[in-house]
Amino acid sequence: MRIPYVPNPPQPSTPEEARIVERVQARRAPRPLQPLDLALLHSPPLADGWNSFLGAVRTKTSLADDLRELAISRVAVCNRAWYEWQHHAPLAAQAGVSEEVLDVVKTEGPLAAVARPAVLSEKQWAALVYTDEMTRSVQVTDETFGNLKACFSDREVVEITGTVAAYNCVSRFLVALDGKP
């Protein structure tokens, strides 16, 4: 990491900072604070907003765990955010994603250039191609969006889009600061 982590346990300097640390710890429980948290806590207000937003993305959407973790893992691959990959590929596997599917997620080039592999469902493929385009070029083709919309409700489209956007933020933070797994 290009910046030092805050001490663990953190040493808040105000009561409000102490409440922020408590909220971050509560979201991570029973696990300890992660290195990402210890970097973010250099700016307690940023850490607080990050904690709330990512907490909602990770635990309060209607997305199936496999789809959420596939999208997050694809963002990690596209952005070469190996810290993110190390944390989310195992969560994808826990959600029932096979090693063969994770191999597709690890594909280096744009997914829209290849046919859907047989190991992926139509929904998984639509979400992955959408994730890929959002991450690689920000703009998504009408064809890719149409394929996504054919598989998911408006709520799910918003939640997939929010998940991909959020984890692009995470990966860009980690890659810029050289976060290591």
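How many cavities of 30 Å³ or more does a search of the whole structure find? The search finds 1. The legends below describe a predicted model, in which local features need pLDDT of at least 70, side-chain atom pairs count only at pLDDT 80 or more, and totals for chains, interfaces and linings use all residues. Residues are numbered from 1 along each chain as its sequence is written, and side-chain values use heavy atoms, with hydrogens and water left out.

**Figure 1. The largest cavity and its lining.** The volume of the largest cavity is about 40 Å³. On a 1 Å grid over the protein atoms alone, a cavity is a set of points where a 1.4 Å probe fits but cannot get out, and lining residues have an atom within 4 Å of a point. Points are joined across faces, edges and corners, and a volume is the space filled by probe spheres set on them. Val24, Arg27, Asp37, Leu40, Leu41, Ala47, Trp50 and Asn51 form the lining. Helix 1 (15-28), helix 2 (35-40) and helix 3 (44-59) are the elements that give two or more residues to this lining, and helix 3 gives the most, with 3 residues. Helices here are DSSP runs (H or I, at least four residues), numbered from the N terminus. By class, the lining has 5 nonpolar, 1 polar and 2 charged residues. Ala, Val, Leu, Ile, Met, Phe, Trp, Tyr, Cys and Pro count as nonpolar, Asp, Glu, Lys and Arg as charged, and the others, Gly among them, as polar.

Figure 2. In contact (heavy atoms within 4.5 Å) are 11 residues of domain 1 and 15 residues of domain 2. About 1000 Å² is buried between the domains, 70% of it from carbon and sulfur atoms; buried area is the accessible area (1.4 Å probe) that two parts lose on being put together, summed over both. Between the domains there is 1 salt bridge, that is, a side-chain nitrogen of Lys or Arg within 4 Å of a carboxyl oxygen of Asp or Glu. Arg58 and Glu69 form a salt bridge, with their closest N and O atoms 2.4 Å apart.

**Figure 3. The largest pocket, with lining from both domains.** A pocket is an open set of grid points with protein on both sides within 12 Å along at least five of seven lines. This one has a volume of about 420 Å³. Its lining holds 19 residues, with Arg28, Arg31, Arg58, His88 and Tyr167 nearest the centre. At least two lining residues come from each of helix 1, helix 3, helix 5 (82-94) and helix 9 (154-176). Domain 1 and domain 2 each supply at least three. The classes are 9 nonpolar, 5 polar and 5 charged.

**Figure 4. The second largest pocket, of about 230 Å³.** Of its 13 lining residues, Trp125, Val129, Glu143, Thr144 and Asn147 lie nearest the centre. Helix 7 (122-137) and helix 8 (142-151) give two or more residues each, and helix 7 gives the most, with 5.

**Figure 5. Backbone at Pro30 and Val138.** Most residues other than glycine have a negative phi, and most peptide bonds are trans. The peptide bond between Ala29 and Pro30 is cis, with omega about 10°; Pro30 sits in the loop between helix 1 and helix 2. Val138, in the loop between helix 7 and helix 8, has a positive phi near 70°.

How values were computed
Domain bounds come from an automatic or database domain assignment.
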